[in-house]
Amino acid sequence: MDDGLLRKLDFNSIKLLKILGEERNTKRTAERMFLSQPAVSKQLKKLREDIGDELFIRRQYGLEPTPYCLELLDKLPALFELLEDVFSRNQNFKPSEYTGDICIAINTSMYRPISRKLYTHLSASMPNATLKIINWGQDTEHNLAMARVHIGINYLPLDISKQIIQKKVARCTFKLVCREGHPIINTQRTAHDVGQYPLALLQLPDFNKKENLIETKLRESGVTPNVALRADQLSICLHVVSQSNALMPCIDIFDTELPKGTRFISPNKEDTPSSDIGAFIPSKLSRTPLVTWLHKEIDQIFSHAN
């Protein structure tokens, strides 16, 4: 972008572009910016001339962003977060007054118990915010680096972008889920005992570049893991466990409900895998009041874990 264009653009123009991208409608954009609809159309015309792109094409269902406009819209949330950081660094963050979206990505294997704790805790402090709690997926690393996700929760450490800061929030051990009446219940539950039965494992995007922790622990004990199922849906794993002798490892952090006919068991202490859990913070947002507060609250949630 040349200096001439930078001189032409102002904050209100950039804000207009962002809101148009969210609303895809000049009338609703005008209402949000407290402007008349003709004023919005006039500013959009000037933006088109300054940037040299149509930006939005009018369709029957609303405004459709051009490919270049989509690139701009993709970068604007991070820009506004940084501007907020610059101008609110010395102000106290007030969660009860926050009205925007908050996006948190959680590793699939811990999503169920942690998402419930997060929502209960955060919604009480931020009643006007919209919480988006999603599974950690194939694009989460990129979205964190681009500051589209405010914070992530996953196992530590991960070999990911240096634009993402990793901070430990807890240490967890693993327990097993089995069906009621499973033969392993009456054993010592050593690695050798566990190795006698098939495993149902969650296939975790961006974490299963290496094998599952329980597989590693079994191999270290001289036992070859028998993996019967790898699935990216917890419900499938739990169904298989309830209908067979398969075992499923899960973290021992929060209490969680299990389907009828299944139960938790703890492996032999010497053979129990453990791992650190961390908060993954976009470096672009690491000093913003919102993300600083979020990290503190997540740390507090884990410190009170059962």
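## Close-up views of a predicted protein model

Buried residues, meaning those under 20% relative accessible area, where exposed is over 50% and partly exposed lies in between (1.4 Å probe, protein chains only), make up 47% of the 306 residues in the protein. This is a predicted model, in which local features need pLDDT of at least 70 and side-chain atom pairs count only at pLDDT 80 or more, while totals for chains, interfaces and linings use all residues. Residues are numbered from 1 along each chain as its sequence is written, and side-chain values use heavy atoms, with hydrogens and water left out.

View 1. Helices (H or I, at least four residues) and strands (E, at least two) are DSSP runs that are numbered from the N terminus. Along its principal axes, the C-alpha trace of the protein spans about 75 × 45 × 35 Å. The radius of gyration, taken over C-alpha atoms, is 24 Å for this protein, whereas a compact globule of 306 residues would have a value near 19 Å, by a rule of 2.2 Å times the number of residues to the power 0.38. If we call it a contact when heavy atoms lie within 4.5 Å, then among contacts between residues at least 6 apart in sequence, 75% join residues at least 24 apart.

**View 2. The largest nonpolar core, a group of 34 residues.** A nonpolar core is a set of buried Ala, Val, Leu, Ile, Met, Phe, Trp, Tyr and Cys residues that are joined through side-chain atoms within 4.5 Å. The members that touch the most other members of this largest core are Ile 102, Leu 118, Ile 153, Ile 277 and Phe 302. At least two residues of the core come from each of strand S3 (101–106), helix H6 (108–125), strand S4 (130–135), strand S5 (151–156), strand S6 (164–179), strand S11 (274–282) and helix H11 (289–303). Helix H11 gives the most to this core, with seven residues. A second, separate core has 19 residues, among them Ala 30, Leu 44, Leu 72 and Phe 80.

**View 3. His 295 in helix H11.** His 295 has a relative accessible area of 17%, and therefore counts as buried. When residues up to four places away in sequence are not counted, His 295 touches Ile 151, Lys 167, Val 169, Ala 279 and Ile 281.

**View 4. Phe 280 in strand S11.** With a relative accessible area of 0%, Phe 280 is buried. Between Phe 280 and Ile 301 there are 21 residues of separation in sequence, and their C-alpha atoms are 15 Å apart in space.

**View 5. Glu 81 in helix H5 (residues 67–88).** Leaving aside neighbours within four places in sequence, Glu 81 is in contact with His 150, Leu 285, Thr 288 and Leu 290. The C-alpha atoms of Glu 81 and Ala 147 are separated by 8.6 Å, while the two residues are 66 residues apart along the chain.

**View 6. Lys 117 in helix H6.** Lys 117 has a relative accessible area of 35%, so this residue is partly exposed. Along the chain, Lys 117 and Phe 302 are 185 residues apart, yet 9.4 Å separates their C-alpha atoms.

**View 7. Backbone details at Leu 55, Pro 157 and Arg 189.** Most residues other than glycine have a negative phi, and most peptide bonds are trans. Leu 55, in the loop between helix H4 (37–51) and strand S1 (56–59), has a positive phi near 65°, and with 0% relative accessibility it counts as buried. Arg 189, in the loop between S6 and helix H8 (191–194), also has a positive phi, near 60°, and Arg 189 counts as buried at 16% relative accessibility. The peptide bond from Leu 156 to Pro 157 is cis, with omega near -15°, and Pro 157 is placed in the loop between S5 and S6.
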